[in-house]
Amino acid sequence: MASEQELSDFLKDVEKRAFKRSVYHVRNVESALDIVQDSMMKLAVHYGDKPVAELPMLFQRILSNCTLDWFRRQKTRNALFSNLSDFESAGEDGEFDLLETLNTQNHSDQTESAESSTQRAQTLHEIESEIQALPNRQREAFLMRYWEELDVAETAAAMGCSEGSVKTHCSRAIRALGKALRARGITL
């Protein structure tokens with residue numbers, strides 16, 4: 001049985017990786033924070049009495065389910081509502097300028113040249129779009145194995161499938177990514 005301190009230490013250890021994974025999936029910092037917080041709460045409330053060795057697999061499974069729940073809620077919300085208030089202008093003239101909004105959001109790194117920054121951003125965007133184009137199970141296995149650095153057994157437990165399925169999904173994902181990135185002229 002995990003003590004309160006062991007549970008707290010475990011959550012501190014996985015917090016940043018879980019957040020990065022969630023941001024990568026949902027592409028929204030606030031939503032990712034909500035997903036991670038919800039996952040941590042569910043782990044603590046429902047599985048806090050489990051042995052420490054079981055916590056990583058339980059947390060990965062909970063995080064995956066919370067992320068899927070978020071996507072389901074978004075799909076429902078987007079089907080029912082059109083939230084135009086997100087595009088309201090803070091300006092005096094009432095006109096919304098998407099380029100101006102994006103420009104102010106992207107001033108975080110001023111130390112590298114504009115050309116290298118643009119090339120890096122384009123390459124990362126292309127890689128991310130190819131990862132997003134993967135089938136769901138391949139993408140999930142790929143991210144857990146190579147982003148979260150889980151081993152095959154841990155990934156299989158988190159995904160609720162066999163180790164052979166994880167290996168197959170990862171192999172297919174790597175093959176598809178390699179082919180797609182080479183076609184775009186990206187070699188890693």
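Predicted model: local features only at pLDDT ≥ 70, side-chain atom pairs only at ≥ 80, totals over all residues.
Student: Which residues of H5 are buried, and why do they line one face of the helix?

Tutor: An α-helix has 3.6 residues a turn, so residues three or four places apart point the same way. In H5 the buried residues are Ile-127, Glu-130 and Ile-131; seen down the axis they fall within an arc of 105°, so they line one face of the helix. Their cover includes helix H1 (4-26), helix H6 (136-147) and helix H8 (163-183), whereas the face turned away from the buried side carries the exposed residues Ala-114, Glu-115, His-125 and Ala-133.

Student: How many salt bridges does the structure hold?

Tutor: Side chains of opposite charge can pair when their charged atoms come close. The structure holds six salt bridges, and one of them joins Lys-42 and Asp-38 at 3.6 Å, N to O. Lys-42 and Asp-38 lie four residues apart in helix H2 (residues 29-47) and are therefore separated by about one helical turn.

Student: Is Glu-140, which meets Arg-137 in a salt bridge, buried or exposed?

Tutor: Glu-140 is buried, with a relative accessible area of 15%, while Arg-137 is partly exposed at 33%. The two side chains meet at 3.4 Å, N to O, and the residues, three apart in helix H6, are separated by about one helical turn.

Methods. Residues numbered from 1 in each chain as written. Heavy atoms only, no water. Buried < 20%, exposed > 50% of the residue type's maximum accessible area, 1.4 Å probe, protein only. Helix = DSSP H or I, 4+ residues; strand = E, 2+ residues; numbered from the N terminus. Arc of directions from axis to C-beta. Contact = heavy atoms within 4.5 Å. Salt bridge = Lys/Arg side-chain N within 4 Å of Asp/Glu carboxyl O.
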